[in-house]
Amino acid sequence: MTGAVDIGPDQARQATNQHYELPPAVFEAFLDARLKYSSALYRTPDATLEEAQTAKLRFVAERLALTGGERLLDIGCGWGSLALFMAQEYGCRVTAVTPSAPQAHYIGDLAGRRGLTELLDVRVGSFTDQDLTGRYDAVTMLGSIVHMPNREAVLRRTYDLMARRGRLYLSESCFRSAETYQEFDRRPGTRHVTRTVFGFADMVPLSELVRATEAAGFSLTSLDDLTAHYRRTIEEWERRALAHRDRIEAAAPGMTEPLLRYLRTAHAGWGYTTKHYAFTALKSRLGPQEAPR
């Protein structure tokens, strides 16, 4: 297993855009009101999806130790849930990168309506092709590095763009182990998710993400297992997709069944073949100066 696969950034972007350039109405039919397309965080048994996704965004802010006004880079920003939240709630100056022009237009429209235009800079294209300058206090990658063909190059570029003692938050679905990766990566269910639905995704074990992060120069500072939370998130996505399949079909005919198969495949694998982790890392040779709690 290596840090790169035989596909270039532009090819990966074009492949993933088959999913991320679907009409927003598809995602509005099964995601929460913010269109946050990654794991929620259920702090209480009776929390709604909307409450859990807001809790997850606050959790990310806590892990990044945001106090307000930081310069933040959101790589693979989706429909802008995190970028808009951090700008509105924390006054962060956010650069958001998406491979999808429709996503960029959607975010820009929301930013304008919420009076956040001056705090939000949305870029379209592959992250490694962006002309980014200055130093970022925080960087987020929520479920996006799986779509990038060279993890180590991405993380090295991220490291170079960060301020000294800047913090990285990265979350990703992973194979449970290297052995599981070897056994299941090319199976039909996996390929349906990584190629048919998403166009390109290279899901790897956590150990590979840690290796690439350390190779880039980061010091790891925390690790959270969010598998149970993503399992519950996907259960709710499936429930909503079934309830609103007419809306999905109206927006993208023929999309409901592939979407449901993806959600059911993901749901079946949690804890057995796949896990969902989030970790933070610091741009520092020595790591955190504070004593562990």
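Which residues in helix 8 meet which residues in helix 12? The views below take up this contact and several charged pairs. The model is predicted; local features need pLDDT of at least 70, side-chain atom pairs count only at pLDDT 80 or more, and totals for chains, interfaces and linings use all residues. Residues are numbered from 1 along each chain as its sequence is written, and side-chain values use heavy atoms, with hydrogens and water left out.

**View A. Contact of helix 8 with helix 12.** Pro188, Gly189, His192, Val193 and Val197 in helix 8 meet Pro258, Arg261, Tyr262 and Thr265 in helix 12. Contact means heavy atoms within 4.5 Å. By class, 5 nonpolar, 3 polar and 1 charged residues take part. Nonpolar covers Ala, Val, Leu, Ile, Met, Phe, Trp, Tyr, Cys and Pro; charged covers Asp, Glu, Lys and Arg; the others, Gly among them, are polar. Helices (H or I, at least four residues) and strands (E, at least two) are DSSP runs, numbered from the N terminus.

**View B. Packing geometry of helix 8 and helix 12.** Helix 8 (residues 188–197) packs against helix 12 at about 130°, with the axes 10 Å apart. The helices are therefore oblique. Axes are lines fitted to C-alpha atoms, for helices over the stretch in contact, and angles run from 0 to 180 degrees between N-to-C directions. Under 35 degrees is roughly parallel, over 145 roughly antiparallel, 65 to 115 roughly perpendicular, and the rest oblique. The crossing is left-handed: the near helix is turned anticlockwise from the far one by less than a right angle.

**View C. Salt bridge between Arg264 and Glu238.** The closest N and O atoms are 2.9 Å apart. A salt bridge needs a side-chain nitrogen of Lys or Arg within 4 Å of a carboxyl oxygen of Asp or Glu. Arg264 lies in helix 12 (residues 256–269) and Glu238 in helix 10 (residues 227–243), 26 residues apart. Arg264 is partly exposed at 38%; Glu238 is buried at 17%. Buried means under 20% relative accessible area, exposed over 50%, partly exposed in between (1.4 Å probe, protein chains only).

**View D. Salt bridge between Arg63 and Asp224.** N and O sit 2.9 Å apart. The pair joins helix 3 (residues 49–63) to strand 6 (residues 219–225), across 161 residues. Arg63 is partly exposed at 28% relative accessibility. Asp224 is buried at 15%.

**View E. Salt bridge between Glu183 and Arg187.** The N to O distance is 3.1 Å. Glu183 is partly exposed at 45%, and Arg187 is partly exposed at 37%. The count comes to 19 salt bridges.
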